[in-house]
Amino acid sequence: MMDDVRLSQHFTLAEFCNPGKYPANVPSTQQVANMIYGCRLLLEPAREAIGCPIIITSGFRNPRVNALVGGVRNSQHLVGQAADIRPKDPAQFHRLVAFLRSCEYTDQLLTGPDWLHISWTPFAIPRHYVRIGYYK
């Protein structure tokens, strides 16, 4: 059912929730609205800027899923305001980081070796907190 729900042109609710692995990971209406905000203001423009699809490796997490994956207790994933992502084309990783680093809607950007954590905040001024190499 989630496969049919589009958050934006290129992103679905299922990509954010991973119902195949976590069937009970179902967001509220507000959490879905938060994901739509992130898709439309950050992920879609980033996809266009780098010229290739973006893979969501972790998106929305209910408290149980967040605990299972070792997420922090105040994770923005819990409210639909974060995603761990990577470009489909690994050669575009640095372009993706550069675009999100400069985007006015980026709240937090933390990078790993070939993936990054991006968050947004629809109800506050974005912090623009950037840590390159945060995850080793």
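Aspartate 84 and arginine 61 are both buried in this predicted model. Their side chains meet in a salt bridge, with an N to O distance of 3.2 Å. Aspartate 84 belongs to strand E2 (residues 82-87), whereas arginine 61 sits in the loop between strand E1 (54-58) and helix H3 (63-68); the pair therefore ties together parts that are 23 residues apart in sequence.

Aspartate 84 has a further partner in histidine 77, the two side chains making a polar contact at 3.4 Å. Histidine 77 is found in the loop between H3 and E2. With a relative accessible area of 2%, histidine 77 is buried, because the cut-off for this class is under 20%. When neighbours within four places in sequence are left aside, the residues in contact with histidine 77 are Ser58, Gly59, Phe60, Arg61, Ala82, Ala83, Asp84 and His117.

Aspartate 107 is buried, its relative accessible area being 3%, which means that the value falls under the 20% limit.

The strands named above form an open sheet of five, in the order E1-E2-E4-E3-E5 and with mixed pairing. E1 and E5 stand at the edges; each has a single partner strand, so one side of each is left without a neighbour in the sheet. On average, and with direction ignored, neighbouring strands of the sheet are turned by 25° against each other. E3 and E4 run antiparallel and are joined by four bridges. Leucine 109 has isoleucine 118, in E4, as its bridge partner. Helix H2 (residues 29-50) packs on the sheet, where it touches E1, E2 and E4. The direction of H2 makes about 135° with that of E1.

How values were computed:
Residues are numbered from 1 along each chain as its sequence is written. This is a predicted model: local features need pLDDT of at least 70, side-chain atom pairs count only at pLDDT 80 or more; totals for chains, interfaces and linings use all residues. Side-chain values use heavy atoms; hydrogens and water are left out. A salt bridge is a side-chain nitrogen of Lys or Arg within 4 Å of a carboxyl oxygen of Asp or Glu. Helices (H or I, at least four residues) and strands (E, at least two) are DSSP runs, numbered from the N terminus. Buried means under 20% relative accessible area, exposed over 50%, partly exposed in between (1.4 Å probe, protein chains only). Two strands pair if DSSP finds at least two bridges between them. Axes are lines fitted to C-alpha atoms, for helices over the stretch in contact, and angles run from 0 to 180 degrees between N-to-C directions. Contact means heavy atoms within 4.5 Å. A polar contact is a pair of N or O atoms within 3.5 Å; within protein, one must be able to donate a hydrogen and the other to accept it, and residues adjacent in sequence count only if both atoms are side-chain atoms.
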